[in-house]
Amino acid sequence: MNWAFLQGLLSGVNKYSTAFGRVWLSIVFLFRVMVFVVAAEKVWGDEQKDFKCNTAQPGCHNVCYDHFFPVSHVRLWALQLIFVTCPSFLVVMHVAYREDRERKNKLKYGDDCHRLYKNVGKKRGGLWWTYVLTLVFKIAVDATFLFLLYRIYEGYDFPSLIKCEQKPCPNKVDCFIARPTEKRIFTIFMVVTSLACILLSTFEILYLVGKRCREYFTTAHHSRHAMETAIATPMGGKRGELVESNTKRLAGKTTPEMPAPSYSIAVA
């Protein structure tokens with residue numbers, strides 16, 4: 001499979017991702033795709049040919065191999081990598097949709113028209129929800145494949161000896177896996193990197209939700225403060241006018257228009 005094509009498509013996702021998303025992409029390509037392409041496929045090779053059983057009974061070898069390895073590890077990991085990277089294309093497609101809307105708006109109303117988006121790549125509105133949903137889908141895919149790997153192979157270990165009692169084997173047959181230690185190391189490595197990607201995606205969701213909540217409360221606080229200021233300003237002006245008018249009224253009552261006669265004139 002040409003993984004370079006997939007890498008070229010996902011390289012555009014980097015400029016729309018957060019710091020957690022960039023680290024996630026680095027882990028996917030360096031520690032999952034590259035290890036899978038360079039080493040994992042060669043380690044497994046022709047698994048059925050390297051699977052040996054100490055019997056010459058026709059069909060026993062095939063039946064035992066199908067029982068213990070119903071799905072190839074390599075093919076299962078290939079499906080996992082495809083499903084876990086495809087959601088990132090939704091973000092690129094959403095940004096492309098915004099750019100197309102912005103272009104059509106300029107063609108219709110001119111270059112000086114009101115922009116539909118301040119920044120087409122900024123995670124606001126529908127793009128924010130698209131980005132978060134892709135993260136949830138990535139977590140679900142990695143968790144599902146880890147569960148399938150554990151469920152199908154009854155753990156992440158590769159025993160050196162396998163006891164097989166499937167028909168048409170005549171009795172309990174000993175079967176041996178080629179390079180079990182090497183396969184065990186690569187399996188654990190792929191499981192650990194999948195868990196790391198799950199943690200990074202979880203942290204990214206928490207970061208995005210926390211950032212959105214902080215912006216919401218900050219905007220609400222500023223709006224409430226501006227409203228209180230707008231309400232207090234006219235009330236303060238009216239209150240000042242009322243005090244000034246009352247002061248003038250009282251001054252008018254206490255200050256007579258004509259001076260009072262003196263005491264001697266009043267007695268006379």
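Begin by selecting Cys-64 and Cys-164, which form a disulfide (a pair of cysteine sulfur atoms within 2.5 Å) with their sulfur atoms 2.0 Å apart; the torsion about this S-S bond is about -90°, so the disulfide is left-handed. The pair links distant parts of the chain, with Cys-64 in helix α4 and Cys-164 in strand β2, 100 residues apart. Helices here are DSSP runs of H or I with at least four residues, strands are runs of E with at least two, and both are numbered from the N terminus.

The model on your screen is predicted, so local features need pLDDT of at least 70 and side-chain atom pairs count only at pLDDT 80 or more, while totals for chains, interfaces and linings use all residues. Residues are numbered from 1 along each chain as its sequence is written, and side-chain values use heavy atoms, with hydrogens and water left out.

Next, select Cys-60 and Cys-169, a disulfide with an S to S distance of 1.8 Å, which is right-handed with 95° about the S-S bond. Cys-60 lies in helix α4 and Cys-169 in the loop between β2 and β3, 109 residues apart.

Then move to Cys-53 and Cys-175, joined at an S to S distance of 2.1 Å; here the torsion is about 105°, so the disulfide is right-handed. This pair connects strand β1 with strand β3, across 122 residues. Cys-53 counts as buried at 15% relative accessibility, and Cys-175 is buried at 0%, where buried means under 20% relative accessible area, exposed over 50% and partly exposed in between (1.4 Å probe, protein chains only). A search of the whole structure finds 3 disulfides, and with the bonded cysteines numbered in sequence order the pairing is 1-6, 2-5, 3-4.

Now display helix α4 as a whole, residues 60–68, whose buried residues are Cys-60, Cys-64 and Tyr-65. Seen down the axis, these residues fall within an arc of 125° (taken from the directions from the helix axis to the C-beta atoms), so they line one face of the helix. They pack against α3 (47–50), β1 (52–53), β2 (161–164) and β3 (173–176).

For two further cysteines, select Cys-197, which is buried with a relative accessible area of 0%, and Cys-213, which is partly exposed at 37%.

Finally, zoom out to the whole protein chain, which has 9 helices and 3 strands, and in which buried residues make up 34% of the 268 residues.

Conventions. Contact = heavy atoms within 4.5 Å.
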